[in-house]
Amino acid sequence: MPASADFDAAELKLIIDAHRSLEGPLLPMLHAIQDSFGHIPAEAHAPICDALNITRAELHGVISFYHDFREAPAGRHVLKICRAEACQSVGGSELAESLLSKLGLDWHGTTPNGAVTIEPVYCLGLCACAPAAMVDDRVVGRLDAARLDTLLAEAGA
């Protein structure tokens, strides 16, 4: 498999070497790799598995279990929509499904212009202001279709 344009094997080796001696090194290593590359590149899987003596299945299980890990780069902005019960009870599910349909995306999808990635999140702590979302690091409560359209326009979607 050819390496992606953003993959730097030397940088990956530095990250692996810096984390492999930690107790429980996999999660800190994956976070550092994602911080560096913006995602967990497929090219990183074999070196991680070799360094930690784990199978690709074990690695895939961890990456797919934790919602914050990405196997592809995110858009310039990440819109996380709360999927917890409080938000669902006041229309959050319908709002999210309408948005995904409007954009022609599934969860974790990115708009064709690369502006926004839509991700689920399971509680932002704004239950009293539901439905809630987070754009990059900014939380937004009392979300409705008009406010969601404004957020998307601000993000360039």
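This is a predicted model: local features need pLDDT of at least 70, side-chain atom pairs count only at pLDDT 80 or more; totals for chains, interfaces and linings use all residues.
1. Basis. Local features need pLDDT of at least 70 and side-chain atom pairs count only at pLDDT 80 or more, while totals for chains, interfaces and linings use all residues. Residues are numbered from 1 along each chain as its sequence is written, and side-chain values use heavy atoms, with hydrogens and water left out.

2. Helix pair. Helix α3 (residues 45-52) and helix α4 (residues 56-65) have axes that come within 9 Å and cross at roughly 110°. That makes α3 roughly perpendicular to α4 (65 to 115 degrees). Helices here are DSSP runs (H or I, at least four residues), and strands likewise (E, at least two).

3. Contact of α3 with α4. From α3, His45, Ala46, Ile48 and Cys49 meet Arg56, Leu59 and Ile63 of α4 (contact: heavy atoms within 4.5 Å). By class, the residues of this contact are five nonpolar, one polar and one charged.

4. Buried face of α3. His45, Ile48, Cys49, Ala51 and Leu52 are buried (under 20% relative accessible area; exposed is over 50%, with partly exposed in between, 1.4 Å probe, protein chains only). Viewed down the axis of α3, these buried residues fall within an arc of 165°, so they line one face of the helix. Their cover includes α1 (9-19), α2 (26-37) and α4.

5. After α3. Asn53 follows the helix and has a positive phi, near 55°.

6. Arg142. This residue lies in the loop between β4 (138-140) and α7 (145-155). Arg142 is exposed, at a relative accessible area of 56%. Neighbours within four places in sequence aside, Arg142 contacts Ala128, Cys129, Ala130, Pro131 and Arg147.

Notes: Axes are lines fitted to C-alpha atoms, for helices over the stretch in contact, and angles run from 0 to 180 degrees between N-to-C directions. Angles under 35 degrees count as roughly parallel, over 145 as roughly antiparallel, 65 to 115 as roughly perpendicular and the rest as oblique. Ala, Val, Leu, Ile, Met, Phe, Trp, Tyr, Cys and Pro count as nonpolar, Asp, Glu, Lys and Arg as charged, and the others, Gly among them, as polar. The arc is that of the directions from the helix axis to the C-beta atoms.
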